[in-house]
Structures are given as C-alpha cells and as structure tokens.
There are 2 protein chains.
Amino acid sequence: MKTYRVAVVGAMGAVGTEMIKTLEQRAYPVSELVPLDIPANEGKTVKWKGQDVKVRVAKEGAFAGVDVALFSAGADASLALAPIAAREGAIVVDNSSAWRMDPAVPLVVPEVNPEALDAHKGIIANPNCSTIQMLVALKPIHDAYRIQRIVVSTYQAISGTGAAAIAELGAQARAWVSGGKIENSVYPRQILFNVLPHIDVFLENDYTKEEMKMVHETHKIMDPNIQVNPTAVRIPVFRGHSESINIQTEKAFSVAQVRALLEKAPGVKVMDDPSKLVYPTPLDADGKDEVYVGRLRADPTVPNGLNLWVVSDNLRKGAALNAVQIAETLVSRGLLGK
Amino acid sequence: MKTYRVAVVGAMGAVGTEMIKTLEQRAYPVSELVPLDIPANEGKTVKWKGQDVKVRVAKEGAFAGVDVALFSAGADASLALAPIAAREGAIVVDNSSAWRMDPAVPLVVPEVNPEALDAHKGIIANPNCSTIQMLVALKPIHDAYRIQRIVVSTYQAISGTGAAAIAELGAQARAWVSGGKIENSVYPRQILFNVLPHIDVFLENDYTKEEMKMVHETHKIMDPNIQVNPTAVRIPVFRGHSESINIQTEKAFSVAQVRALLEKAPGVKVMDDPSKLVYPTPLDADGKDEVYVGRLRADPTVPNGLNLWVVSDNLRKGAALNAVQIAETLVSRGLLGK
C-alpha cells in the first residue's frame, strides 16, 4: 500500500493532539509523522504508535517531502504558512477559518460534498465544528425534502477554544470546590456554572463570527438557498457540541421517514427513544466519531417543520476526524501523491 | 397599613426559602409568617427578619386565619392541599404545575396579565419559570408588533429541579476535582460538564412536559394565537435560566424600536452592547429581580424576524418573586382581606 508523509501543524494543541490520535486510530497510511509547532515547543515530543516523536518548528522548509499537512494552528499561522506548505508540495487540510470562504479553496465535509476536493489547488479547508455536525445530520434530509430554513441554537464545549480554555474550566472547578477565587482570562466571564452567548468576535450586524460561519459555510458546502438563523452559545462542557435545530422543508415528510433516512446516513447515529430516556448528550459523544441525532419530532407550528437535537465531539468530527477523513478522501479519489 | 398572615408551604425547599427571603426584601406587609412543610421538617426553623420561626406541618387546619398562602411543594401536595387552604380562607398562589391549566384558575405574570387575578376563586397559579421570563420579555413586543411564532431553545439551571439537584451538581463537582466516582440519582445522567435535552417527563408527542408548558401557558397568559415551538434543555448552571428566542411578528419593526420598548418595559433590563461584550449571563442574573435581554438582532431569514437572548434568575422571577408579585398585586387590586 502506498504510504504518505503526514505533517500535523499545531501538534501540541488540543486539536493537533486529537489529529495524531485519529490518524493512528484510523490506520491512515503514514510513512512518517511530522509534528510541527511553534518554536517554544521545539524538541518536545508527541506519542505516535508507542514512540516519542520530536516536535519541529513549523516554518518555511519544514514541508519539503510532506504529502499532506493537517493544520490546526489558528487563522494567522495558517494564512502565513499554508501557502508555503502548498508551495513546498504538501496538500494542506486547514482547520482554521482562514481559507474557508476563499472561492479557490474547497470547504469539505466528506459525507456532504467530497466531490469539491477534486478542484483543490493545494489548500483545503475544514469547516467550523458547529457547521460540520449540523450538515452531516441535515444533508440526507435536504437531499430528500429540500430544507428552506434552519433556526439553530448551539450549546458549545469549551475545548473548541483550545487547551487554555480546558485548563481554565478545570481551574475554575477546583477553585469553586476549594472555596478559592474563581479567575478568568480565556473567556471574558466565568464559564464554570455559567453560559456565554458569545463565541468568536462580534461583527457589525451584531451576530458573532461563529454564527456567521454557520450561515456562510452552510451556503458554500450544502446549498446557498438555505436560510440559516444561528445563535452560538458557550457552555461549561469540556467536549461535545450540542445543537437545537429547527428546520422547515419544501416537501412534506413524516418523522418516521426522516428517522429511516438518518439511520442509514453515513456518519450519523440516531439515538432517539424518549420513552426509554434515550437521547444524545455530550458525554455520550465524547471520543466518538459519529454525529448523534435525537429528539426528532414534528414542529406543528409551520408546514413541514421538524426539530432535532444534534450532538458530536467537537474535537473529533468537529475538527480532527473531519480533517483526517478529508485526507482519506484525497487518497480514495486518487488526489494524493500524484 | 393593613398587614396579612402569610403562609409559605414548602418553606424548607429551594423556592420556599427564596419566597421567604423575597417577602422580606420587598417588605410585603406581613403580620405573621407561617412556614409550613412536611412532617419530617416540623420544628425546624426558618429565618424571618432576624428571628427563627418554627416550621409547622402543612395539613388541614394549618391555614385557618391565613390570608395568603404561597405554595411551592410540588404538584401532588398542591392538588391535595390547595383546595383545603382555599376552603380555610387563604388565597393560594401555587408555584406547581397542578392548577395552571385549570380554566377556573388564573395563571398570572403581573407584568403581562394582572387583570386575570380579578376572577380568582381562591387558587392562583404561578407559571413555569421558563414561560415567565420569556413572556416578560416578549409582552411589549407582542403588544406593539403582534408575535406570530416563537422558536425557543432553553438553557435551564438545575435549581429548577430543587435542593436535591443543587446538592447533586455540587457533589459531582467535588468528585470530579478529587478524582472520585461521579454519581447521579436526581438526573438520569451526569449533569456536571454535560447537557440533557430533557426536562420533566416525555409526552406522547415526543415533546417534554416542560416544553408543552411553554406552549400552553403562553396561550393562556398572553395569546392563544401565537405558535410556540420549544426545546427545553438542562445545563450545569446553579441559578439562572437562559433562552435563545427567535420570533416573527405580524407588523414590521426596527431593532431600535424594539430596544426602546424593552428599555421602558416593567421588569425588563436591556443588557445589550456586544461591541463592549455586554450581554446577560446566568451569573449576571443571580439573585436579581429583572428579566435581562441581550443579543437583540434582526433575523433576515424571514419577514419581521428577531432574535433575543433572555436570562433571569429562575428561583426569583421564575418562581418566588413572581409569586410574591402576585401577592402584591392582590393587595393593589383590593383582592386580599375582603
């Protein structure tokens, strides 16, 4: 079997760590793993198949001989480094928001629009976590019944912010238990036992950037005709984003038909039996690959209305797994190592 | 000034404790406070204006001479005891769901429908916490622009479940910090660092009872013509319910007009300046009387669409305060001590 040199940029971060784990778990055909990070992390090690592999500095020259580079280093680093990596011959799969809306860059959820990869020019963008899980759940419904409008409110885990946020929530929990002072620096307010209706920066239209990502990315990945009305909210959960989604479709459906569609949809696991208290929660999705769907029920307040509750591990399907699946699809579509 | 004998039934519970505190804070004209609870709590004491007052047993005969009885003892106790209390001459303000949909029982949010009190027959119902804060925020908008449809997703604090849930979340936090086993008995799953799309029991239509309360109570209190599509979700927050609300109105409005309306609305505090990171969170509302509104923004996906983020202390305005305000309104409308 052909194997590939795979770089992970931001290898010491929350998503980078998960990318390396996911590459190993899914037996991606790696000939050499190249962990890259900022100079401060040079010489530290990551675990790869039981071995310690030294982290090198992510910079010009580091991508020579690399076939595919999974980036999770933030938008600024990606803007600077992704074109360099591509020029040095790597195909970049970037997890930041830097390239997502660039018309020359495919924005891909493999279950939704794998064919968009064929037109890549060296950089491919991984969508935002909250968009990915929503579209994996909605794609089969859209194909069958044409979604016209989405109203979505999110319940997003703090690991989406990164390792510093994970540390902050843990530190706040310890301070609360010990009766110490609860301090915050990553978030503008305490996140422990609190809720912030604020993810990423506020834009001129009073939506946050996170919310507008869900609008624009849905249009680019699935269908520009779908109306998307999002509210993005941070809650004190470590891993696993949840979404309360209300949709209206053009064509009529029964809930049983939708359930049957979702039960055979790739990447989806239906977890929906309220009478037995079966519904997905973030802890059910923690460390799992699937997008979980529950609380399926008709919304009788509009024609063809439906509610769903969609949960997925934001570091897996929402980031690392989707990036690795893109790398897998590059292989299966014959786009890698050409 | 005329004063009244006021009983609090469920005086040792989370809401009962808050009711007593609220009566004192708002200087309700109390001649005697009569704390009542289950036999197991007989002889325990509650604090009232610096004094210890002994808890008596809530039973037949306990309401003789009582002018107004604030009940927060659960639906079963209320079904049994409220008619007895009314027969003994007290006006009952009941916080449970037992009487809310009874056509003979007024269901009242004083900012929304105080006039409904005039027809009372001895029992008055306090609405569900999630309904109260939603309607306080939406009433001025409905009056001016006629709300046609509401899509609401809630982020509800565990104190709504009661004192046992408060203990459980605290115990889970201590177990998490000490590395011990996280146990659950109040909720069907761990609530610490988790989210449950499940409040109260599931009904035949796959909505929960909590969700359908928001539908039916909105119809009874504000307008039966409003379409309400709810999703009720429990999150790991001690106090303060948040709601992501999307509405569509019949008449056109500007966001500035809505903001101006809300700024002068009774019981509402607008907290909405995203560029300065001003938006309400549960910790902002903790212990406060107001219903906080933020994240006001147009929803361009439908004609006359609007999003709001509404936060309030579920034990205060969502329960104890609204009940005390009903008792105050009984005085101001001349309905007490007739």
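Guide: Setting aside residues up to four places away in sequence, Ala69(B) touches Ala7(B), Val9(B), Phe63(B), Ala85(B), Ala90(B) and Val92(B). The model is a predicted one, in which local features need pLDDT of at least 70 and side-chain atom pairs count only at pLDDT 80 or more, while totals for chains, interfaces and linings use all residues. Residues are numbered from 1 along each chain as its sequence is written, with chains lettered from A and ligands numbered from 1 in the order in which they are written.

Visitor: What makes Ala69(B) touch Phe63(B)?

Guide: Two residues are in contact if their C-beta atoms, placed from the backbone, lie within 7 Å. Phe63(B) is among the residues that Ala69(B) touches.

Visitor: Which residues have the most contacts inside the largest nonpolar core, and what makes a set of residues a nonpolar core?

Guide: They are Ala69(A), Leu70(A), Ala69(B) and Leu70(B), in a core of 169 residues. A nonpolar core is a set of buried Ala, Val, Leu, Ile, Met, Phe, Trp, Tyr and Cys residues joined through C-beta atoms within 7 Å; buried requires 20 or more other C-beta atoms within 10 Å of the residue's own (12 or fewer is exposed, in between is partly exposed). A second, separate core of 34 residues includes Ile158(A), Leu192(B), Phe193(B) and Ile235(B).

Visitor: Why are helix 1 of chain B and helix 8 of chain B called oblique to each other?

Guide: Helix 1 (residues 14-25) of chain B and helix 8 (residues 316-332) of chain B pack at an angle of about 50°, their axes 9 Å apart. Angles under 35 degrees count as roughly parallel, over 145 as roughly antiparallel, 65 to 115 as roughly perpendicular and the rest as oblique. Helix 1 of chain B and helix 8 of chain B are therefore oblique.

Visitor: Why is helix 3 of chain A oblique to helix 6 of chain A?

Guide: The axes of helix 3 (residues 129-145) of chain A and helix 6 (residues 255-263) of chain A come within 9 Å and cross at roughly 125°. That angle makes helix 3 of chain A oblique to helix 6 of chain A.

Visitor: How do the residues of that contact divide by class?

Guide: Pro140(A), Ile141(A) and Ala144(A) in helix 3 of chain A meet Val258(A), Leu261(A) and Leu262(A) in helix 6 of chain A. The division is 6 nonpolar, no polar and no charged. Ala, Val, Leu, Ile, Met, Phe, Trp, Tyr, Cys and Pro count as nonpolar, Asp, Glu, Lys and Arg as charged, and the others, Gly among them, as polar.

Technical notes:
Axes fitted to C-alpha atoms, helices over the stretch in contact; angles between N-to-C directions. Helix = DSSP H or I, 4+ residues; strand = E, 2+ residues; numbered from the N terminus.
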